[in-house]
Structure formats: structure tokens, C-alpha cells
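Please read the sequence and the model shown here together.

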Amino acid sequence: DERAGFAFTYEALPKERDFVLRVYPLLGIPLAFLYLGLQDEDPRLRGGIAALLAFAPVTYLPVLLSQVPGSRGHEARWILDTAPTTHEAIARGALKALYVRVLVPLYALIAVVACSIGEATSALQTIPVSMLVCLYLLHALWGRCVTNLPLSVAPDRVEAPLDMVGTMMMLAMATTGLALATWKLLTPWSALGVCALA
């Protein structure tokens, strides 16, 4: 019952110009600054910065989620409303499509960046845990950030009901602590073990 929402969001979301122009720079620019900062950083601190890089996507989840309902083709919303499935199933499918289509490739890119500066071990320690945290928070924040069906309202009418800045600040503080703890306390194998147990 989630397949329609998954397939629709997976195929259509990256083709939405407004989504791409609003979300991709927001995700890419901070990551680019972190990457540039790694070039001249003390080698002893590179692992910590790579850990922050791995957890950066979690901080931007509220903005990413809030943009999912926007579409220039929102007049076709009737297709979703008349689909032989529930709105909840469409939302669950869309959530999974967002994770697979946007976040998994983003984490792959972060892994490549970390490996390119000699921080493959840090990437193995932090990226699996960050991906797991991201998946849990995606479920937790969906109902608070996504106010409508995916791709069903005009881009200029997209709204987020929660305090976006406050939520992102809280996520930034929490993920900074979690990133550093993961980097300092876990090995690559124990990080994978934690993820397997969770």
C-alpha cells in the first residue's frame, strides 16, 4: 500500500525545480564549507570535523521535509486524493523515497569526501550511526514538518508548522555532541554493531 507513494515521490521529487533550487544548495553549501575547512585543518582534528560532516544532514531535516509538498504541478493532486490507498500510506511511502532518493546518495557523497582526505575510519565510525539517527528523526519529524501530501501544493504555499530555526538549533547542538561521542567512543565495528542492534 506504500508503493504508489514511494514510486511517485522517488521519480517526481528530484524533477521539481523549486525543490532542487531550495534544498540542494542548503545541503551542499555547508558541506562544501566543512570540506574546505578540512583542507588546512590540523590532521589531529580532521576526524572530528569529518564526524561533524557526517552528522550535518540530520540538522537540515526540518527544511528538507518542509519542501516535500511543494510542486508546480500541484493541480494534479486529485490523483493522490483518489488513489486506492490511504493518505498515511502515501506519506509513509514518500518518507522512504525521500530517504533512498536524497539522503542515501548524500551520505555516499560524504563518505567519498571523508575518504578523499584520509578519514575513511572516521566515516566508518560515524556515517552508519548518522544514517540511523537520520532515519529515526525522519519518522519523528515527518508529521510536524510535512503539512500536506507530497507534491500537492504550490511551492509558494509550502509551510512548516513548527519553529524551524529553534528545531534546527536543537538538532545542531544534539548532533554535534553525538558526532563527537561517536567519533571518540566507537570503532567502525562497534558502530556497525550499534546500528545492527538498533
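Is Lys15 buried or exposed? At 65% relative accessibility, Lys15 counts as exposed; the classes are buried for under 20% relative accessible area, exposed for over 50%, and partly exposed in between, with a 1.4 Å probe and protein chains only. The model is a predicted one, in which local features need pLDDT of at least 70 and side-chain atom pairs count only at pLDDT 80 or more, while totals for chains, interfaces and linings use all residues. Residues are numbered from 1 along each chain as its sequence is written, and side-chain values use heavy atoms, with hydrogens and water left out.

Lys15 also has a charged partner. Its salt bridge is with Glu11, and the closest N and O atoms are 4.0 Å apart. A salt bridge here is a side-chain nitrogen of Lys or Arg within 4 Å of a carboxyl oxygen of Asp or Glu. Glu11 is partly exposed, with a relative accessible area of 42%. In the whole structure, a search finds six salt bridges.

The helices are DSSP runs (H or I, at least four residues), numbered from the N terminus, as are strands (E, at least two). Arg92 is partly exposed, with 38% relative accessibility. Glu2 forms another salt bridge with Lys96, where the closest N and O atoms are 2.6 Å apart. Here too distant parts of the chain are linked, with Glu2 in the segment before α1 and Lys96 in helix α6, 94 residues apart. Lys96 counts as partly exposed at 36% relative accessibility. Asp1, Glu2, Arg92 and Lys96 are linked in a network of salt bridges.

Helix α6 also holds Ala97, which is buried at 1% relative accessibility. Ala97 and Tyr10 are 87 residues apart in sequence, yet 5.0 Å apart in space from C-alpha to C-alpha. Not counting residues up to four places away in sequence, Ala97 touches Phe6, Thr9, Tyr10 and Val102, where contact means heavy atoms within 4.5 Å.

How does α6 pack against α7? Helix α6 (residues 87-116) and helix α7 (residues 120-145) pack at an angle of about 160°, and their axes are 10 Å apart. Axes are lines fitted to C-alpha atoms, for helices over the stretch in contact, and angles run from 0 to 180 degrees between N-to-C directions. The two helices are therefore roughly antiparallel to each other; angles over 145 degrees count as roughly antiparallel, under 35 as roughly parallel, 65 to 115 as roughly perpendicular and the rest as oblique. Residues making the contact include Leu95, Leu98, Tyr99 and Leu103 of α6 and Ile127, Met131, Leu135 and Trp142 of α7. By class, this contact of α6 with α7 has 20 nonpolar, two polar and no charged residues. Nonpolar covers Ala, Val, Leu, Ile, Met, Phe, Trp, Tyr, Cys and Pro, charged covers Asp, Glu, Lys and Arg, and the others, Gly among them, are polar.

Helix α7 has a further partner in helix α9 (residues 188-197), packed at an angle of about 10° with the axes 8 Å apart. That makes α7 roughly parallel to α9. On the α7 side, Thr121, Leu124, Gln125, Pro128, Val129 and Leu132 meet Pro188, Ala191, Leu192 and Cys195 in α9. The contact of α7 with α9 divides into eight nonpolar, two polar and no charged residues.

Two single residues remain. Leu151 lies in the loop between α7 and α8 (164-185) and is buried, with a relative accessible area of 4%. Most residues other than glycine have a negative phi. Leu151 has a positive phi of about 55° although it is not a glycine. Asp18 is in helix α2 (residues 17-39) and counts as buried at 14% relative accessibility. Leaving aside neighbours within four places in sequence, Asp18 is in contact with Arg72 and Pro155.
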